[in-house]
Amino acid sequence: MKPTQTKPSIVFCHGIWADGSCFNKVIPTLQADGHQVIAAQYGLDTLAGDVATVKRTLGRVITPAILVGHSYGGSVITAAGTDDRVAGLVYIAALAPDADETSQSQQAKFPATDIFSHIEVADGRVWMLPDGVECFAGDLSEQEKKFVWATHFAPAADLFTQKLDGVAWRSKPSSYIVATKDRTVQPELQRFVAKRVSARTHEVASSHVPMLSHPDLVINVIRATAKALQGATATA
């Protein structure tokens, strides 16, 4: 395949209390740009299972691919991104554990955010209470916030304590979007992660869901990542 023949594919990886529909404001534009785009739909049961789903999803699009991970999806792409079909990573208000960390231990290094006062563990899952959506997506319209809560997907209670081998950001170029008004993942954690992974970093005054509240910024960061990868391929 000639380097100029196709644009990289884009595989979206959602966080907890979400599914692939959380990327609905950015997918159509990237498709119109000529990218093959797909959102991995995994069950938030085990990290290993979620990563395996992403790798299966990579098999449905042309490669190379960019993995885009939001929140816990950053932990997913950190592990799944070691796959040879992945050329780059985009983190959105995301976790990115190192080899000796889990999603939980990385979060524990920073003060707990407001969202954790608005959750309930029941039936082995962690549910967001209706008033918790203010901490998760407070800069959306009332109608959108109700939709976010109605479609929120509860993770297994032990999901964040699981770990896998493989740290993709050590070998793959990364970009990071810091949500400075985030009340779900600490903005200081986000800045720490962005610096540690040597990411091209972009800050936005957003809640935890920039892809819903600031979709144009997210689209442009993904476009810039794709362009940089195409340029690197063309000169390789």
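Reply: Happy to; we'll go through the sheet, a helix pair and some backbone details.

Me: Great. What should I know about the numbering and the model first?
Reply: Residues are numbered from 1 along each chain as its sequence is written, and side-chain values use heavy atoms, with hydrogens and water left out. This is a predicted model, where local features need pLDDT of at least 70 and side-chain atom pairs count only at pLDDT 80 or more, while totals for chains, interfaces and linings use all residues.

Me: Thanks! In what order do the six strands of the open sheet come?
Reply: The order is β2-β1-β3-β4-β7-β8, with parallel pairing. Strands here are DSSP E runs of at least two residues and helices are H or I runs of at least four, numbered from the N terminus. Two strands pair if DSSP finds at least two bridges between them.

Me: And which strands stand at the edges?
Reply: β2 (37-40) and β8 do; each has a single partner strand, so one side of each is left without a neighbour in the sheet. From one strand to the next, the twist averages 20 degrees (angles run from 0 to 180 degrees between N-to-C directions, and axes are lines fitted to C-alpha atoms, for helices over the stretch in contact).

Me: How many bridges link β7 and β8?
Reply: Five, between residues 174-179 of β7 and residues 200-204 of β8. The bridge partner of S175 is R200. The chain gets from β7 to β8 through helix α7 (residues 187-196), in a right-handed β-α-β crossover; that means the path over the helix runs clockwise with the strands pointing away from the viewer.

Me: Nice. Switching to helices: at what angle do α2 and α3 pack?
Reply: About 65 degrees, with the axes of α2 (residues 47-58) and α3 (residues 73-80) 9 Å apart. The contact (heavy atoms within 4.5 Å) includes L47 and V51 of α2 and V76 and A79 of α3.

Me: Is D123 buried or exposed?
Reply: Exposed, at 77% relative accessible area (over 50% is exposed, under 20% buried, partly exposed in between, with a 1.4 Å probe and protein chains only). W17 also has a positive phi, near 55 degrees, but W17 counts as buried at 4%.
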